[in-house]
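Welcome! Keep the sequence and the 3D view side by side, and try each exercise before you read its solution.

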Amino acid sequence: MCNMQRVLIAIGAVLLLVGLLWPWLSKLGFGRLPGDIRIETANGVFYFPITTCVIVSIVLSLIIWFIRR
C-alpha cells in the first residue's frame, strides 16, 4: 500500500508543477498543437486538446515505465 501512496503523491506533485508552469508551457505551443479541437460560436467556446493529451499521456507513460523498471 505504501507504493500506491507514493505514486499518488508523485502524480499530484507533477500535476501541481505543470499547473504552476502552464503559462510558460503554453508559450511552447502546448494546447495549440495541430489536432487540438477548438470550436467558437456566438454563445461560447469548446476546446478539447486531443494532440496535447496524447503527448502528455505518452510522456507520463514513459516516465512511469522508467520508474518501475
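This is a predicted model: local features need pLDDT of at least 70, side-chain atom pairs count only at pLDDT 80 or more; totals for chains, interfaces and linings use all residues.

Residues are numbered from 1 along each chain as its sequence is written, and side-chain values use heavy atoms, with hydrogens and water left out.

**Exercise 1.** Find the salt bridge and say how exposed its partners are.

*Step 1.* Look for a side-chain nitrogen of Lys or Arg within 4 Å of a carboxyl oxygen of Asp or Glu. Side chains of opposite charge can pair when their charged atoms come close.
*Step 2.* R38 and E40 make a salt bridge, with their closest N and O atoms 2.8 Å apart.
*Step 3.* R38 and E40 are both exposed; exposed means over 50% relative accessible area, buried under 20%, and partly exposed in between (1.4 Å probe, protein chains only).

**Exercise 2.** Trace the nonpolar patch on the surface.

*Step 1.* Take residues with over 30% relative accessible area and no salt bridge, and join nonpolar side chains (Val, Leu, Ile, Met, Phe, Trp, Tyr) within 5 Å; like charges are joined within 9 Å.
*Step 2.* The patch consists of I37, I39, F46, F48, I50, V54, I58, L62, W65 and F66, with about 960 Å² of accessible area together (Shrake-Rupley method, 1.4 Å probe, only the protein chains shown counting as cover for residues).
*Step 3.* β1 (37-40), β2 (45-48) and α2 (50-68) each give two or more residues, and α2 has the largest share, six.

**Exercise 3.** Describe the lining of the largest pocket.

*Step 1.* A pocket is an open set of points on a 1 Å grid over the protein atoms alone, where a 1.4 Å probe fits, with protein on both sides within 12 Å along at least five of seven lines; lining residues have an atom within 4 Å of a point.
*Step 2.* Of the 20 lining residues, I11, V14, L60, I63 and I64 are the closest to the centre.
*Step 3.* α1 (2-25) and α2 each supply at least two lining residues, and α1 gives the most, with ten.

Conventions: Helices (H or I, at least four residues) and strands (E, at least two) are DSSP runs, numbered from the N terminus. Ala, Val, Leu, Ile, Met, Phe, Trp, Tyr, Cys and Pro count as nonpolar, Asp, Glu, Lys and Arg as charged, and the others, Gly among them, as polar.
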